[in-house]
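Welcome to this short briefing. Please take a moment to look over the sequence and the 3D structure, and then read on topic by topic.

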Amino acid sequence: MPKRIVIIGGGAGGTITANLLARNLYRQLVSGHVVINMITDKAEHVYQPGFLYVVFDKVRPDEIVRKQKELLDQNINLFVDPAVKIDKENKIVRTQSGKEFPYDYLVIATGSRIVPEDIPGLKEGGHWFYDMEGAKKLRQALKDFPGGRIAITVGVPHKCPVAPLEMTFMLYEYFKQKEMLDKVELFYTYPINRLHSLEPVANWAVPEFEKKGIKSETFFNMEEIDAEKKVVRSMEGSELNYDLLISVPPHKGAPVVAESGLGKDGWIATDKKTLHNEGSDSVYVVGDTTNLPISKAGSTAHFESHIVAERISSEITEGYSETEYDGKVICFVETSFDEATYIWFNYKTPPTPVPPSKMIHWMKLGYNRLYWLSAKGIL
Amino acid sequence: MSVAVDNTIDARGSACPGPTMELIKAMKSSAVGTVVEVLSSDKMTTIDGAAWLKKVGQELVETSDKGGYWSIIAKKIK
Ligand SMILES: Cc1cc2nc3c(=O)[nH]c(=O)nc-3n(C[C@H](O)[C@H](O)[C@H](O)COP(=O)(O)OP(=O)(O)OC[C@H]3O[C@@H](n4cnc5c(N)ncnc54)[C@H](O)[C@@H]3O)c2cc1C
């Protein structure tokens with residue numbers, strides 16, 4: 001009987017994990033001692049950080065989409081058939097078409113999704129750039145924008161914590177290039193009492209905002225949007241008028257997680273070091289869907305994938321695993337259209353940003369193309 | 001501790017999104033009556049968290065120094 005590995009979710013974390021496993025366990029796969037089944041819900045794989053560039057016409061939508069089949073090692077079986085039930089007791093995943101996938105090891109990498117419907121009025125009154133449709137709509141709205149106040153609001157929780165700041169700086173550059181800065185007011189808001197979660201990034205942003213005339217309000221959590229009057233009301237009791245609202249809607253995990261009783265709102269209790277679903281040695285969790293208090297980011301998913309692939313491979317071939325996740329996250333931060341900085345941190349080391357430079361911006365642009373090698377488990 | 005905690009979030013070592021954001025997330029997604037505790041390795045969480053709870057009219061139950069880390073306990077009252 002082969003060891004059966006099932007991976008749910010063909011995004012960043014699931015794809016990297018699957019490809020690393022296929023490489024580590026190549027011999028076992030070709031000899032039939034191991035089987036890897038990936039269950040995902042879309043035939044296409046989207047590089048989500050690309051949405052930011054789609055908004056500003058820096059990247060065409062089709063440049064950030066690839067066929068999932070082409071990204072996967074040929075020894076991995078791909079099923080485009082959404083998982084509808086994860087039955088941990090019987091170690092089986094059920095899919096929409098009625099198939100059953102028994103497993104010895106399960107990797108859940110179903111990511112996170114935006115839920116604008118959780119904020120009354122946001123769907124009607126707001127724009128966002130966290131999915132392809134939203135990014136394209138916002139691209140058009142910016143082209144048509146005659147001037148006025150652009151409010152940027154951030155829901156909790158959300159993935160890619162640097163994106164709201166990047167969006168703000170890129171908006172500034174966009175209107176500068178269109179020679180419209182005298183007609184546009186940028187108003188940034190943030191849920192906690194500074195401009196960003198990461199204190200050094202927040203401290204760095206303060207003078208940048210001043211220099212650029214970007215206004216801000218902190219401790220601002222969207223409660224409701226009056227789309228007709230164009231007003232955002234915050235939980236903290238303030239009101240913000242806008243002409244164009246760009247928000248990062250709050251997020252939840254995949255419905256299958258909550259529906260299988262694995263975690264409220266789709267967040268799965270995860271051991272911060274082993275990445276096991278707490279209390280279950282055969283189930284691992286990777287990427288945005290963990291409940292870990294760390295950034296929901298592609299880099300997090302990437303580093304976690306290496307740990308999980310290593311652990312499963314070692315358990316199968318050596319009978320034990322010792323590799324542990326140290327909480328490593330790396331994020332590039334675009335500070336304009338031609339400069340960027342980056343931060344890295346882990347559970348023990350706080351971040352220290354480096355001064356923005358053109359070189360780091362080029363690295364980020366390079367990574368946007370190299371991502372496909374990461375997904376393949378090469379980079 | 002006078003109140004039984006329903007949900008403890010261990011945000012020690014969390015640089016981003018950080019303990020205050022974890023408190024906001026937990027308070028938003030909890031039912032009225034829930035008592036939430038956030039653990040943090042940064043003392044500022046007790047000050048920032050308390051300030052936010054006051055702004056949104058939620059109850060601060062207590063903050064405490066646990067020796068090397070801090071705890072903030074809040075109750076969702078509305
Ligand atoms: C605008 C934007 C900018 C970003 N910028 C950055 C950045 O600069 N740096 C960075 O590190 N990260 C960035 N991110 C975040 C990054 O894209 C995510 O954190 C990363 O993709 C998470 O990987 P994941 O595998 O957990 O989830 P995903 O990549 O979202 O993959 C989850 C997969 O699971 C599938 N799935 C869901 N439910 C089911 C089901 N029931 N059955 C089967 N399959 C299912 C989904 O369709 C999806 O394919 C950005 C994101 C956005 C939106």
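This is a predicted model: local features need pLDDT of at least 70, side-chain atom pairs count only at pLDDT 80 or more; totals for chains, interfaces and linings use all residues.

Over all chains, however, the whole structure holds 20 salt bridges.

**Where chain A meets chain B**

- How many residues does the contact take from each chain? Chain A gives 26 residues and chain B gives 21 residues.
- The size of an interface is often given as the accessible area lost when the parts come together.
- What kinds of polar pairing join the two chains?
- If you sort the chain A residues that touch chain B, you get 15 nonpolar, seven polar and four charged.

**How chain B is built**

- Chain B contains two helices and four strands.
- In which order do these elements come? Along the sequence, the pattern of chain B is β-α-β-α-β-β.
- Chain B has a radius of gyration of 11 Å, close to the 12 Å from the globule rule for 78 residues, so chain B is as compact as a globular protein of that length.
- Among the 78 residues of chain B, 50% count as buried.
- Looking at contacts in chain B with a separation of 6 or more, 66% come from residues 24 or more positions apart.

**Salt bridges in chain A**

- Side chains of opposite charge can pair when their charged atoms come close.
- Asp41(A) and Lys42(A) form one of the salt bridges, with 3.4 Å from N to O. Asp41(A) counts as partly exposed, because its relative accessibility is 44%.
- Arg139(A) and Asp57(A) form another salt bridge, at 3.8 Å from N to O. This pair links distant parts of the chain, as its two residues are 82 residues apart: Arg139(A) sits in helix α6 (residues 132-144) of chain A, and Asp57(A) sits in the loop between α3 (51-55) and β4 (65-67) of chain A.
- Are these two partners buried or exposed? Arg139(A) is buried, because its relative accessible area is 19%, whereas Asp57(A) is partly exposed at 44%.
- Glu208(A) and Lys211(A) also meet in a salt bridge, with 3.2 Å from N to O. Because they are three residues apart in helix α8 (residues 199-212) of chain A, about one helical turn separates Glu208(A) from Lys211(A).
- In this pair, Glu208(A) is buried at 15% relative accessible area, while Lys211(A) is exposed at 62% relative accessibility.
- Salt bridges with shared partners also tie Arg60(A), Asp62(A), Glu63(A) and Arg369(A) together into one network.

**A closer look at Thr270(A)**

- Where is Thr270(A)? You can find Thr270(A) in the loop between α9 (255-259) and β19 (283-285) of chain A.
- Thr270(A) counts as buried, because its relative accessibility is 3%.
- A polar atom of the Thr270(A) side chain lies 2.6 Å from the backbone oxygen of Ile268(A).
- Leaving out residues up to four places away in sequence, Thr270(A) touches several others, among them Leu275(A), His276(A), Val285(A) and Leu292(A).

- Arg27(A) belongs to helix α2 (residues 26-30) of chain A. With a relative accessible area of 68%, Arg27(A) is exposed.
- Arg27(A) and Ile214(A) are 187 residues apart along the chain, and 57 Å separates their C-alpha atoms.
- Trp267(A) lies in the loop between α9 and β19 of chain A. With a relative accessible area of 9%, Trp267(A) is buried.
- Between the C-alpha atoms of Trp267(A) and Ala227(A) there are 30 Å, and the two are 40 residues apart along the chain.

Definitions and conventions. Residues are numbered from 1 along each chain as its sequence is written. Chains are lettered from A and ligands numbered from 1 in the order in which they are written. Side-chain values use heavy atoms; hydrogens and water are left out. Contact means heavy atoms within 4.5 Å. Ala, Val, Leu, Ile, Met, Phe, Trp, Tyr, Cys and Pro count as nonpolar, Asp, Glu, Lys and Arg as charged, and the others, Gly among them, as polar. The radius of gyration is taken over C-alpha atoms; the globule rule is 2.2 Å times the number of residues to the power 0.38. Buried means under 20% relative accessible area, exposed over 50%, partly exposed in between (1.4 Å probe, protein chains only). A salt bridge is a side-chain nitrogen of Lys or Arg within 4 Å of a carboxyl oxygen of Asp or Glu. A polar contact is a pair of N or O atoms within 3.5 Å; within protein, one must be able to donate a hydrogen and the other to accept it, and residues adjacent in sequence count only if both atoms are side-chain atoms.
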